[in-house]
Amino acid sequence: MDFSNLVPVPVLLPLLGAGITLVLARHPKWQRIVSGSTLGLVAAFALILCLAADAQGPIVLWVGAWPDGLGIVLVADRLSALLVLVSSIVTALVVIFPSRRDIADSADGAPVSVFHPTFLVLTAGVANAFLAGDLFNLFVGFEMLLFSSYVLIMLGATKERVRAGSTYVIVSVVSSTLFLLALSIVYGATGTVSFAQLPERLAELDPGMQLTIQLLLLVVFGIKAAVFPLQAWLPDSYPTAPASVTAVFAGLLTKVGVFAIIRLQTLLFPESPLTDLLLVVAILTMVLGILGALAQGEIKRLLSFTLVSHIGYMLLGIALGTEQGLAGAIFYIVHHILVQTALFIVVGLIERVGGSTSLARLGGLASVPLLAVLYLLPALNLGGIPPLSGFLGKVALMDAALETGTPLAVLSVVAGVATSLLTLIAVIRVWQRAFWQDRGEDDERVHSLRVLPRIWVVAASTLVAITVALTALAGPLTDYAQRASVDIMGGAYQIAVEEAMP
């Protein structure tokens, strides 16, 4: 069965939904229904694509299909199809959470009519970036999600959000400009931007030019992934947005940057893994990120620093340049998207129930047992407690590092173990102070889940249950990640695109 016509669906459906929700601007209830239905449909189509890519190999669609390979190529291989599926599940659940208070554009609480259209365009941009078969379409995907994120991060236009959003916009514009510069250099030097054609043509360039292009693209994607030393913008930008927006940003947007680094290192420059350089960056990202987390007294900022820190694990797997390392990185990306999103959503619930996300002002939340469980499970998972998926992902990455046996690889294992322990200390500190420390004598509030819409509790519980189920599904997911890694390293992507070329 030919599934190629399904490849653009995760991009087109959200764009169609965005148009409909824009028309329904004065009907927020119908906007929510359209958004939820659209994202649910995208998740269903993404599942079909994922199963088809696993069974048949990379699925390719040439949009336009002009002679000599001209046109827009979309590719759903095992890696991109898996990430489209996970991202669609996350966005379908998160879209339930935005409240009128979170996305109000004025003091009287009038809902921002652009939230749902913008959220759907962001979803389309993420899917387009994952499915892009060339550098230019990847750039388009980045711009779609960035323009949407500019709006979402400043919703409500409070002074704090505008300040943090301004930093985010400036950094994003700089990275986009560098990306455009890199695109022009690549096209000028090779005459193409296709992922399938570039490896051969890049290999014909002067080694100095090859290294320049590779490093320039690494800087661009490193800014988007928030790796050291390009991560400073993230902890200031994400915590100020509404909890649901922060959850999607933290769970997904940095992973698009990590995904782009995978494409860069495995498709465009497979003979230049830059292992030592990337391992040093991975170690510094892990260690400095988690040290920053330990210094925080506000939960969203603390989680933002752990987000930076755990990007280091994914970079470690990519840096090794082996099938085992890449498979470990793919597993860890899936785990981290789900766990980090769940944690930010639960922190949103903590803020509503406890009235703050500052550790100095929280306390006594253990009187709400369900909230305590919803926090503790993904927190322990992030910290790498056995047998949860966080532990399994870290073990896979460290096995891959030890297999290479180089001093830097061994040092990265030491850094990974230390980061895991420090992560556990950071999240348990939140658990101890927010849930178990005594409240002030003048604090007479009664903590209860009744202040939350019931559907929020159901959706958060579902998301946390998925993170736990990931442990039970670790075997099949590991096998899938291994097959995806073999495909990528074996050149299946290029072969499929060249065979489908008009």
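The model is predicted.

In soluble globular proteins, nonpolar side chains tend to be buried together.

**Surface patch**

V280, L284, L288 and L291 form a nonpolar surface patch of about 300 Å². One of these residues, L284, lies in helix α11 (residues 275–294). L284 counts as partly exposed because its relative accessibility is 32%, and partly exposed covers the range between under 20% (buried) and over 50% (exposed).

**Backbone geometry**

Most residues other than glycine have a negative phi, and most peptide bonds are trans. The table lists exceptions.

| Site | Feature | Value |
|---|---|---|
| F228 to P229 | cis peptide bond | omega near 0° |
| P386 and P387 | cis peptide bond | omega about 0° |
| A226 | positive phi | about 65° |
| L274 | positive phi | about 50° |

The loop between α8 (207–225) and α9 (233–237) contains P229, and A226 is also placed in the loop between α8 and α9. A226 has 0% relative accessibility and therefore counts as buried. P387 is found in the loop between α14 (369–383) and α15 (389–404). L274 sits in the loop between α10 (243–268) and α11.

Terms used: Residues are numbered from 1 along each chain as its sequence is written. This is a predicted model: local features need pLDDT of at least 70, side-chain atom pairs count only at pLDDT 80 or more; totals for chains, interfaces and linings use all residues. Side-chain values use heavy atoms; hydrogens and water are left out. Patches are made of residues with over 30% relative accessible area and no salt bridge: like charges are joined within 9 Å, nonpolar side chains (Val, Leu, Ile, Met, Phe, Trp, Tyr) within 5 Å. Accessible areas come from the Shrake-Rupley method with a 1.4 Å probe; for residues, only the protein chains shown count as cover. A salt bridge is a side-chain nitrogen of Lys or Arg within 4 Å of a carboxyl oxygen of Asp or Glu. Helices (H or I, at least four residues) and strands (E, at least two) are DSSP runs, numbered from the N terminus. Buried means under 20% relative accessible area, exposed over 50%, partly exposed in between (1.4 Å probe, protein chains only).
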